[in-house]
Amino acid sequence: ASSFLKDRNVSFYLNSQLIGNSMIFKEGSKVDLVSNFTKGWNTLEINSEDCSIPTEEDKRCISIGIFNISIKPLDELNNSIIFSTGWYIPENESYWMGVKANLNIFSPSELEIPNLLVFEAKSFEEDRNVKIYLNRDQIANLTINKDFEKIFSIPLKLNKGINNVTIISDKCLRPKDLGYDNDTRCISISLRSFKILNMSEEKPVLSEVLFPQDDNVKWISKSSKIYIYSSNEKEYLLFVNITSFLKDREASFFLNSNLVGKLNVFKEGEEVYLPIKLKSGINTLEINSEDCSIPTEEDKRCISIGITNISLISLEQVKNQIIFSEGWYHKAREDDYRWATNSLQLLYISPANITVTFYFDILPVYNETTIVEFYLNGELKNIFEIARGGGWVYTLPQKINKGINYLEFKVPRGCVVIDDLLHNGDKRCVAMTLRGIKVEKNEN
């Protein structure tokens with residue numbers, strides 16, 4: 001539908017019952033209304049707030065014009081997006097909205113595991129804050145960027161029947177007022193590629209991914225969210241294969257608003273294991289980077305962190321195992337071992353409260369005696385003097401806890417860039433590696 005000369009509020013009645021109110025734009029609108037038809041003839045009444053007379057010669061009083069009208073049964077639209085009100089006529093498969101627009105989603109049943117609303121979004125002329133509501137409850141607060149698109153995945157707990165999604169932007173602008181053309185629409189954000197997907201239990205879903213996507217890496221800007229659904233409370237290791245764009249960056253991880261990790265993410269990439277405890281229901285893991293970088297003048301995406309893989313590992317799967325969790329580079333083709341920076345972490349998953357002795361074969365990068373500090377669960381336990389060429393060292397018997405134990409090594413001297421030693425272009429800053437690890441249980 002289109003409104004004549006100006007935007008108008010229009011009411012729709014089916015058999016004298018109000019079924020919807022919508023702003024019809026003079027540039028054209030797409031409106032979908034959900035209604036129950038009775039057997040036999042049904043009457044749809046359309047009432048506009050006013051009408052306009054075109055000219056002195058043309059005395060018609062015109063309000064709105066209808067280009068197309070059709071009917072679809074809801075059972076053909078299970079978990080489909082229904083564009084309700086507030087949308088301009090789509091262009092190139094993109095839907096522009098003003099400050100407020102509505103979607104309807106019909107669900108044939110109420111599911112225990114939520115669905116995902118997936119879409120791509122870009123803002124007109126300036127970055128905007130956007131709020132999303134499901135059946136009047138706020139479910140997301142997003143930042144939509146003007147220079148690049150993001151792919152959003154928002155969890156939805158749909159009720160049986162019709163569910164209303166309301167999208168509210170902070171303001172809209174008219175292209176004509178900015179000197180672009182004669183486009184008088186007041187637009188805020190453009191959305192496209194809407195999908196409703198099923199969410200799997202304990203399978204992380206990454207949202208706010210930059211578009212276009214690379215084949216292997218999902219890049220994010222300064223922040224992103226990962227959604228995880230769990231049917232009960234449980235401890236996991238969150239495995240993330242992660243890299244930083246152009247330079248090393250610090251990134252913080254928050255699970256349900258609680259800090260669970262702060263990492264120095266290498267541009268060369270690394271594998272990270274973060275212990276997390278999921279609550280029952282939807283869990284939100286937020287990743288915040290200190291900054292982001294713009295690739296080129298043509299590519300305006302502001303990129304910080306890239307994620308290649310993300311998954312959950314049950315603690316039952318890794319009992320009695322040593323996990324290389326933080327500070328470790330990927331093993332290069334020419335490496336015999338995985339090198340680490342000057343601050344690194346291991347995890348030891350113990351099936352019980354026991355006493356053990358740890359043995360480590362430590363190889364520093366330096367060709368002279370090097371001090372290496374060893375910490376267990378945050379407490380300094382040993383200061384090792386490692387001779388040139390490395391060697392085995394061991395701890396005194398240590399009490400460890402059932403579940404996750406943190407083993408940390410620090411090299412106070414710092415790390416050295418491999419390229420400074422070998423002049424081979426390798427910019428990794430390394431301090432030490434572990435050539436071997438043994439854990440010996442002490443009998444009482």
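A residue counts as buried under 20% relative accessible area, as exposed over 50%, and as partly exposed in between. N320, at 49% relative accessibility, therefore counts as partly exposed. That label, like everything else here, rests on a predicted model.

**Two asparagines with positive phi**

Let's stay with N320 for a moment. Where does N320 sit? The residue is in the loop between β22 (305–314) and β23 (322–328), and its phi is near 65°, a positive value in a residue other than glycine. For context, most residues other than glycine have a negative phi. N135 also has a positive phi, near 50°. This asparagine is found in the loop between β10 (128–134) and β11 (137–144), and with a relative accessible area of 26% it is partly exposed.

The largest pocket has a volume of about 1,000 Å³, and 30 residues line it, with V31, D32, L33, I69 and S70 nearest its centre. Elements giving two or more residues to that lining are β3 (17–24), β4 (29–30), β5 (44–48) and β7 (81–88); the largest share, 3 residues, comes from β7. The second largest pocket holds about 430 Å³ of space. Of its 20 lining residues, S153, L197, V205, L206 and K218 are the closest to its centre. Here the elements that supply two or more residues are β9 (115–123), β12 (149–156), β14 (189–198) and β15 (205–211).

**Aromatic pairs**

Aromatic pairs come to 21 in the count. One of them is W87 with F194: the ring centres are 6.4 Å apart and the planes meet at 85°, so the pair is edge-to-face. It links distant parts of the chain, with W87 in strand β7 and F194 in strand β14, 107 residues apart. Are these two residues buried or exposed? W87 is buried at a relative accessible area of 0%, and F194 counts as buried too, at 16%. Both belong to an aromatic cluster made up of F83, W87, Y95, F119, F152 and F194.

Another pair is Y359 with Y394, which is tilted, at 5.8 Å centre to centre and 35° between the planes. Y359 lies in strand β25 (residues 354–364) and Y394 in strand β28 (residues 391–394), so this pair ties together parts that are 35 residues apart in sequence. Y359 is partly exposed at 23% relative accessible area, while Y394 is exposed at 54%.

**Two buried strand residues**

R8 is in strand β2 (residues 8–14), and it is buried, with a relative accessible area of 0%. What does the side chain of R8 have 3.3 Å from one of its polar atoms? That would be the backbone oxygen of S63. Leaving aside neighbours within four places in sequence, R8 also has contacts including S3, M23, E49, D50 and I62.

S252, found in strand β18 (residues 249–255), is buried as well, at 11% relative accessible area. Beyond four places in sequence, S252 touches L259, G261, K262, E286, I287 and N288. S252 and I310 are 58 residues apart in sequence, and their C-alpha atoms are 16 Å apart in space.

Key: Residues are numbered from 1 along each chain as its sequence is written. This is a predicted model: local features need pLDDT of at least 70, side-chain atom pairs count only at pLDDT 80 or more; totals for chains, interfaces and linings use all residues. Side-chain values use heavy atoms; hydrogens and water are left out. On a 1 Å grid over the protein atoms alone, a cavity is a set of points where a 1.4 Å probe fits but cannot get out, and a pocket is an open set with protein on both sides within 12 Å along at least five of seven lines; lining residues have an atom within 4 Å of a point. Grid points are joined across faces, edges and corners, and a volume is the space filled by probe spheres set on the points. Helices (H or I, at least four residues) and strands (E, at least two) are DSSP runs, numbered from the N terminus. Buried means under 20% relative accessible area, exposed over 50%, partly exposed in between (1.4 Å probe, protein chains only). Contact means heavy atoms within 4.5 Å. A polar contact is a pair of N or O atoms within 3.5 Å; within protein, one must be able to donate a hydrogen and the other to accept it, and residues adjacent in sequence count only if both atoms are side-chain atoms. Rings of Phe, Tyr and Trp (its six-membered ring) pair if their centres lie within 6.5 Å; planes under 30 degrees apart count as stacked, over 60 as edge-to-face and the rest as tilted.
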